[in-house]
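Hi there,

Here is the structure I promised to pass on to you. Have a look at it first, and then read on for what turned up inside.

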Amino acid sequence: MTTTSANVLILFLKYLQMNGISYCIVGNTDDFPEAIEGDVDIIIPQDRIKSLHLIMLAFCKENDCKLVQCLQHENNAFYYVIQWWQNNQPAFLKLDICGNYYRKAKLFLPADALLSNPEEAKNVQGHAKGFLVPAPATEFIYYLLKKIDKGNLNNEQAAHLHTQWLKDPIGCLSNVRKFWDNEHSALIKQAAECNDWHQVIKAIPQLRKSIHHHVQMTSQGIIGELLRRVRRVLFPTGFSVVFLGPDGSGKSSVIDAVSSSLAPAFRKQSRYHLRPFVFCARTESNGQPVTNPHASPKYGLIISMMKLFYLWLDYTVGYLISVHWKKIFSTLVIFDRYFHDILIDPLRFRYGGPSWLAALLVRAIPKPDAIVFLNVPSEIIQQRKSEISRDECEQQTKDYIALAKKTKKSLIVDAAQPLNDVVKEVNNSLLNLLANKAETRLVRMNRWGL
């Protein structure tokens, strides 16, 4: 049987119940579990949050999946990405799990309230869908608070609120009055009854202000938010990968396919050609591959060494203020070429200085999380890039392979294969590294009490 998002979600929910963890799925679940386009928001008891990391790892190991991402975006809300293979493509299920519902160190709703009186989700025919959701009044206030606080309420979301209101108007209004005064409560009541939310949307700034007036920061919330920020800095959830190989090895095509495949595992993506360009603005000319990198002669010794140290500074400072910062915010950072290229192809940099100095500085720059070497026979490269001689192609290929064998976290891929096979091999290796990194990070945080 083909593994689908629906299969994995139902298995996970059953796994929670087997481990004595009550739950409910919040948000619009009309299309669940058959069609899951975004995140699945799940509430569990607050006292089970501390054991959640180990539970997620155990579930994935028992069900032939990988946990490739875990990031914390609120006090005790964790965003997990589970990965498996479906039709030779990586498939993902994104779970957003929390206990008490916090926003910016403020406790909006306790988990006990959200988990009180859950009910079986049913389809339009009235058949059970295999998972639990909150009572209508609870779902209404949770969803309304979330959308008002984020400042976004579209027609589909408003229709979901209208549906919940019709199921229990008295309970919904009672919950609304806990956060808003009579005037605002009447405004929401009228919108929910008529499913006309234009006035509510206009009043979102005032409604948001009222929420934060009624909900105060707690000491637990403040401490939790501080710890969250510490975790994000100490254990960045982004990932950096470098693609190396001679011109014509297919780096651009592979990078495009891999970045598309792995996008669900990250919040953002960022791509660099060769270097960070932290000391100058990246333009169309310096941020794109050069079509004829060997057209200009090498610099003299002094200028070469000045450029070498300039490049080293660009990589080190650029990593700290650009790359590492992006990794803290869960970004997939991809480099098309890296500082290592100066060892293989110094003419590309017009570098005429000593090779031992370049090799020394390669050791002194921040290392990416993975380096992918694309290995292609010289005759194929010649067909794609005739500007480089065959002898030069053969020498570069040998040098890249030699460099890969002595470089940690490197992967040598036969890029003469069909593109789909190359991409699958790269994806598989990178996903394994992501899973190992996520497991190491979660185990360490659990051990350190973070």
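Predicted model: local features only at pLDDT ≥ 70, side-chain atom pairs only at ≥ 80, totals over all residues.

Let's begin with the largest pocket. Its space comes to about 900 Å³, and 35 residues line it. If you want to find its centre, look for Asp39, Asp41, Tyr143, Lys146 and Lys147, the lining residues that lie nearest to that point. Two or more lining residues come from each of β2 (40-43), β3 (66-74), β5 (89-98), β6 (101-103), α4 (136-150) and α5 (155-167). The largest share, 5 residues, belongs to α4. By class, the pocket lining splits into 14 charged, 13 nonpolar and 8 polar residues.

Next come the cavities. There are 2 of 30 Å³ or more.

The largest cavity holds about 70 Å³ of space. Among the residues lining it are Cys70, Leu71, Phe78, Arg231 and Met445. At least two lining residues come from each of β3, α10 (219-234) and α17 (419-448), and β3 gives the most, with 3. This lining has 5 nonpolar, 3 charged and 2 polar residues.

The second largest cavity has a volume of about 30 Å³. Val68, Gln69, Thr237, Gly238, Leu434, Lys437, Ala438 and Arg441 line it. Here β3 and α17 are the elements that give two or more residues, and α17 gives the most, with 4. The classes are 3 nonpolar, 3 polar and 2 charged.

Happy exploring!

Definitions and conventions: Residues numbered from 1 in each chain as written. Heavy atoms only, no water. 1 Å grid on protein atoms, 1.4 Å probe; cavity = no way out; pocket = protein on both sides within 12 Å on 5 of 7 lines; lining within 4 Å. Points joined across faces, edges and corners; volume = space filled by probe spheres on them. Nonpolar A, V, L, I, M, F, W, Y, C, P; charged D, E, K, R; others polar.
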